[in-house]
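Please look over the sequence and the model below before reading on. The briefing that follows takes up the sheet, the packing of helices and a few single residues.

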Amino acid sequence: MEPASTLVLFDIDGTLLRRSGPAHRRALERAVERVAGVAVSIDGIPVAGMLDRDILLEMFARAGLGRAAALRKLDAAGRTAENIFVRNCPDLRRKVCPGVRRLLRALARRGVPCGLVTGNLERIAWTKMRRAGLDGFFRLGAFSGDGPTRAALLRTAMARARRAGLVRRDARVVYVGDHPNDIKAAREAGVRIVAVGTGVVNGTDLASLYPDLYLPSLGGACIDELIGA
């Protein structure tokens with residue numbers, strides 16, 4: 001196949017899935033407890049739009065660990081959280097946001113490769129996609145641990161798509177997300193941002209940040225409008 005002229009990257013929580021339950025939160029909390037030996041709650045941490053690595057570091061700080069000690073334990077906590085989540089993730093097929101399946105099928109028919117760019121740890125992200133029945137739509141991803149910021153994750157995903165021969169070097173890149181951090185990251189990475197109002201942030205607030213396109217949901221999304229063709 002010839003490399004495609006467009007790559008579409010998706011956030012997960014609030015964009016592809018909504019209200020997917022407490023399993024992710026509990027996995028992070030239990031991982032910190034096992035690694036640091038202190039029970040810490042995620043309550044009060046503004047987790048929407050954050051990378052899992054930063055959530056873990058914040059919980060380590062609450063557990064009394066200094067920055068250096070927390071960084072030394074970060075990889076172990078991440079692996080532990082992934083193992084816990086894989087064992088406990090529920091069926092997520094009913095948590096898929098409106099219009100997502102229809103849009104992903106339409107992009108596949110058009111020959112547009114899709115990827116994930118999410119703050120989730122990698123095995124947590126792919127487990128969510130499998131349990132939602134969406135994993136077959138995605139060719140690649142960039143996850144917490146692949147870079148220090150969401151913008152860095154976007155750049156990593158783009159580089160992986162080019163190295164894999166999925167897209168041309170000058171391909172148009174679109175990021176679909178539901179949070180101001182997604183809009184900020186897309187601007188920093190120089191890609192088109194489509195903001196959707198299916199997350200925890202009010203749609204009016206998202207639209208006020210002037211994404212390239214704002215949609216209340218992905219239901220009824222037109223591909224040409226989405227990619228800016």
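## An open sheet with helices

The model is predicted, and in it an open sheet of 6 strands has the order 3-2-1-4-5-6, with parallel pairing; strands (E, at least two residues) and helices (H or I, at least four) are DSSP runs numbered from the N terminus, and two strands pair if DSSP finds at least two bridges between them. The edge strands are strand 3 and strand 6 (213-215), each of which pairs on one side only. Neighbouring strands of this sheet are turned by 20° against each other on average, direction ignored.

Residues are numbered from 1 along each chain as its sequence is written, and side-chain values use heavy atoms, with hydrogens and water left out. Because the model is predicted, local features need pLDDT of at least 70 and side-chain atom pairs count only at pLDDT 80 or more, whereas totals for chains, interfaces and linings use all residues.

**Strands and their pairing**

- Strands of a sheet pair through backbone hydrogen bonds, either parallel or antiparallel.
- Strand 2 (residues 114-121) pairs with strand 3 in the parallel sense over 4 bridges, and within strand 3 it is L140 that stands opposite G115.
- Strand 2, helix 5 (residues 122-132) and strand 3 together make a right-handed β-α-β unit, where right-handed means that, with the strands pointing away from the viewer, the path from the first strand over the helix to the second runs clockwise.
- Of the 5 residues of strand 3 (residues 140-144), 5 are buried, so this strand is largely enclosed by the rest of the structure; buried means under 20% relative accessible area, exposed over 50% and partly exposed in between, with a 1.4 Å probe and protein chains only.
- Strand 1 (residues 4-10) and strand 4 (residues 167-177) pair in the parallel sense over 6 bridges, with A4 opposite V167 in strand 4.

**Helix packing**

- Helix 1 (residues 23-36) packs against helix 3 (residues 67-88) at an angle of about 135°, with their axes 8 Å apart; axes are lines fitted to C-alpha atoms, for helices over the stretch in contact, and angles run from 0 to 180 degrees between N-to-C directions.
- Helix 1 and helix 3 are therefore oblique to each other, given that angles under 35 degrees count as roughly parallel, over 145 as roughly antiparallel, 65 to 115 as roughly perpendicular and the rest as oblique.
- Helix 3 and helix 5 pack at an angle of about 15°, with their axes 8 Å apart, which makes helix 3 roughly parallel to helix 5.
- The crossing of helix 3 and helix 5 is left-handed, and its contact (heavy atoms within 4.5 Å) involves residues including F85 and V86 of helix 3 and I124 and T127 of helix 5.

- Helix 7 (residues 180-189) lies across strand 4 and strand 5 (192-196), running at about 175° to strand 5.
- H179, placed in the loop between strand 4 and helix 7, is buried, with a relative accessible area of 12%.
- N181 lies in helix 7 and is partly exposed, with a relative accessible area of 31%.
- Not counting residues up to four places away in sequence, H179 touches A48, G49, V201 and L206, while N181 touches A48, G49, M50 and R150.

How values were computed
Left-handed = near helix turned anticlockwise from the far one by under 90°.
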